[in-house]
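Here's a quick briefing to read with the model open beside you. Have a look at the fold, then work through the points below.

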Amino acid sequence: MFIFSFILAISSTLFTYQWAKSPKVSPTQSSAFVSLFLFLLLFFLNKIVPLPYEELCALSFGASFIGMSSPTKATPLQLVIAAIIFSMMFHYLSPRYWGIGGALGFSAFVSLLPIHIIRLIKIKS
C-alpha cells in the first residue's frame, strides 16, 4: 500500500505541476481538476479492488497542493522528493490528526520546506 501511496502522491503532484504551467490554467484550477480526476479514478478502482478510498483521496488532494508550486521555485525532481516526504508524513499523521482542518496544506508546506531550505543553502554557497 505504501508503494501505491507514493505513486499516487507523485502522480498527483506532477500532474498538477505540469498542467498549472499551461498559460490558461491557474495552479488552483489545475489542483482541482487533477484532484477530481483522481477521486473518480479511485472511486472506480475501489469498485474492482477494495481500497481505503477516503484516505487515498485525501492523500491525492494534499499532494496536489505540492504541485501548485511555482516552476521558478522547484524542479520536478524536487517535487517528487517533496511528494514522497508528504506521503510518509501523511501515513504517520493521518491516523492521529484525521479531520483537523488545514492538516493537508500544512503537511504539504512542511514537505516542501526542506527542498526550499536546501535550495537557499545551495544559492548562498
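**Briefing: core, surface and a bent helix**

Phenylalanine 109 is partly exposed, at a relative accessible area of 49% (buried is under 20%, exposed over 50%, partly exposed in between, using a 1.4 Å probe and protein chains only). Keep in mind that this is a predicted model, where local features need pLDDT of at least 70, side-chain atom pairs count only at pLDDT 80 or more, and totals for chains, interfaces and linings use all residues. Numbering runs from 1 along each chain as its sequence is written, and side-chain values use heavy atoms, with hydrogens and water left out.

- Phenylalanine 109 sits in helix α5 (helices are DSSP runs of H or I with at least four residues, strands are E runs of at least two, and both are numbered from the N terminus).
- Together with Phe106, Leu113, Ile117 and Ile121, Phe109 makes a nonpolar surface patch of about 500 Å².
- For such a patch, residues need over 30% relative accessible area and no salt bridge, with nonpolar side chains (Val, Leu, Ile, Met, Phe, Trp, Tyr) joined within 5 Å and like charges within 9 Å; a salt bridge is a Lys or Arg side-chain nitrogen within 4 Å of an Asp or Glu carboxyl oxygen.
- The areas come from the Shrake-Rupley method with a 1.4 Å probe, and for residues only the protein chains shown count as cover.
- An α-helix has 3.6 residues a turn, so residues three or four places apart point the same way.
- Beyond its neighbours within four places in sequence, serine 107 is in contact with Phe86, Met89 and Leu93 (contact means heavy atoms within 4.5 Å).

**Helix α4: bent and covered**

- Helix α4 covers residues 76–97 and bends by about 35° at histidine 91, with proline 95 following within four residues; the bend is the angle between axes fitted to the seven residues ending there and the seven starting there.
- Among the buried residues of α4 are Leu79, Phe86, Met89 and His91.
- Their cover includes α1 (2–20), α3 (53–67) and α5 (103–124).

**The nonpolar core**

- How many residues are in the largest nonpolar core? There are 22, and those with the most contacts inside it are Leu8, Leu42, Leu56, Leu59, Ile66, Leu79 and Phe86.
- Helices α1, α2 (27–48), α3, α4 and α5 are the elements that give this core two or more residues, and α3 gives the most, with 6.
- A nonpolar core here is a set of buried Ala, Val, Leu, Ile, Met, Phe, Trp, Tyr and Cys residues joined through side-chain atoms within 4.5 Å.
- Leaving out neighbours within four places in sequence, leucine 56 touches Met1, Phe4, Ser5, Leu8, Leu42 and Leu51.
- Phenylalanine 4, in helix α1, is partly exposed at 30%, and its contacts beyond four places in sequence are Leu42, Leu45 and Leu56.

- Serine 30 belongs to α2 and counts as buried because its relative accessibility is 0%.
- Not counting residues up to four places away, serine 30 touches Phe15, Thr16, Trp19, Ala20 and Val25.
- Alanine 32, also in α2, is partly exposed at 37%.
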